[in-house]
Amino acid sequence: MKKFSKDTDIVHGIHTTYSTSMDLVPPLHLTSTFKFKNAEHGAEIFAGTTEGYAYTRVANPTVDLLQEKIAKIEGAEDAIATSSGMSAVASVSLALLKPGDNFISCSTVYGGTFVLFSKHLKDLHIEARFISPGDYASAQQIEAAIDGKTRFLYAETPANPTLDVIDIALWASVAKKHHLPLVVDNTFASPYLQNPISIGADIVLHSATKYLGGHGDIIGGVIAGSKKMMSHIKEEYVRHYGPIMSPFNAWLVLRGVKTLAVRMEKHSDSALTIAQWLEAHPKVAKVFYPGLPSHAGYAIAKKQMKKFGGMIAFEVKGGTDAGKKVMNHVELCILAVSLGDCESLIQHPASMTHAAYSPEERKKAGISDGLIRLSVGLEHPDDIIADLENALTFA
Ligand SMILES: Cc1ncc(COP(=O)(O)O)c(C=O)c1O
């Protein structure tokens with residue numbers, strides 16, 4: 001098949017030959033079950049000797065198209081669509097781990113991931129061994145945490161909410177040396193800006209709720225990797241625990257993904273402009289954005305990302321109280337969690353997305369109480385800056 005650029009694959013990138021009506025947009029297969037021609041046909045589909053669909057929890061044509069698209073734009077052999085980003089994280093974890101096992105994770109991760117790793121998996125006698133931000137670049141420190149019961153390495157980069165950047169090639173080389181898979185949460189970058197598999201990762205996952213969906217109207221997740229790993233995760237976990245993506249959500253994500261390239265270009269360009277402006281503002285104490293040379297991960301981000309993404313974190317002089325005043329006085333930016341939408345969203349990690357970390361755990365992960373997280377939307381950057389300028393006068 002002819003090879004196209006990623007921008008073109010983002011728009012096309014799927015086979016829709018099953019459609020006899022020649023629709024431009026593939027139809028939505030909103031059905032829980034599928035008819036068999038006769039008993040033998042049904043038995044053959046179940047046995048896998050004939051191609052076809054039996055039941056949407058196992059496979060659905062609309063969900064299959066999304067899986068094909070994600071695999072294509074992540075440079076993976078196969079993909080799985082799930083009901084949420086959290087069910088993507090949980091499916092990978094539970095398919096790869098058994099009681100008594102451990103795994104290595106960076107300590108700055110989405111708050112829900114942290115609770116799953118540090119509480120729910122712990123209840124199953126599975127240990128998350130967290131690496132602190134100061135050691136993300138130390139192969140020695142990561143290796144020191146690995147033993148015979150370690151099953152995978154997990155990196156979220158750029159990390160939520162501090163935008164810490166992990167050197168995927170470095171973590172992949174440690175993982176390979178110990179014959180372990182490296183799992184990367186690529187939600188903040190999106191497949192347009194970063195393809196971890198091309199740098200040595202084995203499994204990539206996303207909250208599709210964010211940039212992949214892009215319009216704030218669905219909850220979903222995706223996992224991508226080799227055919228062997230994807231069929232293991234699907235058969236060991238997703239099929240029987242059941243956290244599948246609904247066909248309707250898959251259809252919406254397919255629609256959202258088509259504009260991923262143009263959206264990520266705009267999110268990234270606006271975020272860089274806003275981060276530079278914030279850094280020069282007298283009331284702002286610190287800005288965390290991988291596209292700023294002052295950011296500790298700038299060089300690595302430049303190496304492994306196409307642009308630096310739409311997420312910014314910053315601290316206002318005067319700490320938490322001053323930060324809350326800013327959040328309470330924005331008018332264009334919307335005070336809400338989530339990210340990657342057309343609208344700019346602002347939130348307070350310590351009391352919202354990362355409230356489940358204890359104050360000590362937050363400190364270890366580098367998440368200060370005064371930190372504000374901004375998901376830069378698709379509005380004109382001058383309007384976002386004017387909104388922040390006005391809100392900062394109250395700080
Ligand atoms: C980096 C990251 N991973 C995973 C998740 C979980 O995704 P979802 O909310 O779709 O379950 C989130 C949610 O904010 C996230 O930011």
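Author: We can start with a single residue. Ile203 sits in strand E6, which covers residues 203-207. Keep in mind that this is a predicted model.

Reader: Is Ile203 buried or exposed?

Author: The test is a count of neighbours: a residue is buried if 20 or more other C-beta atoms lie within 10 Å of its own. Ile203 has 26 other C-beta atoms within 10 Å, so Ile203 is buried.

Reader: Which residues does Ile203 touch, leaving out those up to four places away in sequence?

Author: Ile203 touches Val92, Pro181, Val183, Ile223, Gly225 and Met229. Ile203 and Ser226 are 23 residues apart in sequence, yet their C-alpha atoms are 7.7 Å apart in space.

Reader: Ile223 is on that list. What does Ile223 touch, with residues up to four places away in sequence again not counted?

Author: Ile223 touches Ala79, Ile80, Thr82, Ala88, Ser91, Val92, Ile203, Leu205, Met230 and Ile233.

Reader: What is the general idea behind a nonpolar core?

Author: In soluble globular proteins, nonpolar side chains tend to be buried together. Here the largest nonpolar core has 116 residues. Ile223 is among those with the most contacts inside this core, along with Leu153, Trp171, Val222 and Ile312. Helix H11, residues 260-279, gives the most to the core, with eight residues.

Reader: Why does this core lie between domain 1 and domain 2?

Author: Both domain 1 (6-257) and domain 2 (260-392) give residues to the core, so it lies between them.

Reader: How do I read the contact between the two domains?

Author: Begin with the positions, then look at each side. The centres of domain 1 and domain 2, taken over C-alpha atoms, are separated by 26 Å. Domain 1 brings 33 residues to the contact and domain 2 brings 35 residues. On the domain 1 side, the elements that give two or more residues are helix H1 (6-11), helix H5 (111-123) and helix H8 (190-193). That side has 18 nonpolar, eleven polar and four charged residues.

Reader: Which residues come nearest to the ligand?

Author: There are 15 residues around the ligand, and Ser84, Gly85, Met86, Tyr110 and Ser207 come nearest. Helix H4 (85-96) and H5 are the elements that give two or more residues to this shell.

Reader: How many residues of each class does the shell around the ligand have?

Author: The shell has four nonpolar, nine polar and two charged residues.

Technical notes: Residues are numbered from 1 along each chain as its sequence is written. This is a predicted model: local features need pLDDT of at least 70, side-chain atom pairs count only at pLDDT 80 or more; totals for chains, interfaces and linings use all residues. Domain bounds come from an automatic or database domain assignment. Two residues are in contact if their C-beta atoms, placed from the backbone, lie within 7 Å. Helices (H or I, at least four residues) and strands (E, at least two) are DSSP runs, numbered from the N terminus. Ala, Val, Leu, Ile, Met, Phe, Trp, Tyr, Cys and Pro count as nonpolar, Asp, Glu, Lys and Arg as charged, and the others, Gly among them, as polar. A residue is near a molecule or strand if its C-beta atom, placed from the backbone, lies within 6 Å of it. A nonpolar core is a set of buried Ala, Val, Leu, Ile, Met, Phe, Trp, Tyr and Cys residues joined through C-beta atoms within 7 Å. A residue is buried if 20 or more other C-beta atoms lie within 10 Å of its own, exposed if 12 or fewer, and partly exposed in between; C-beta atoms are placed from the backbone.
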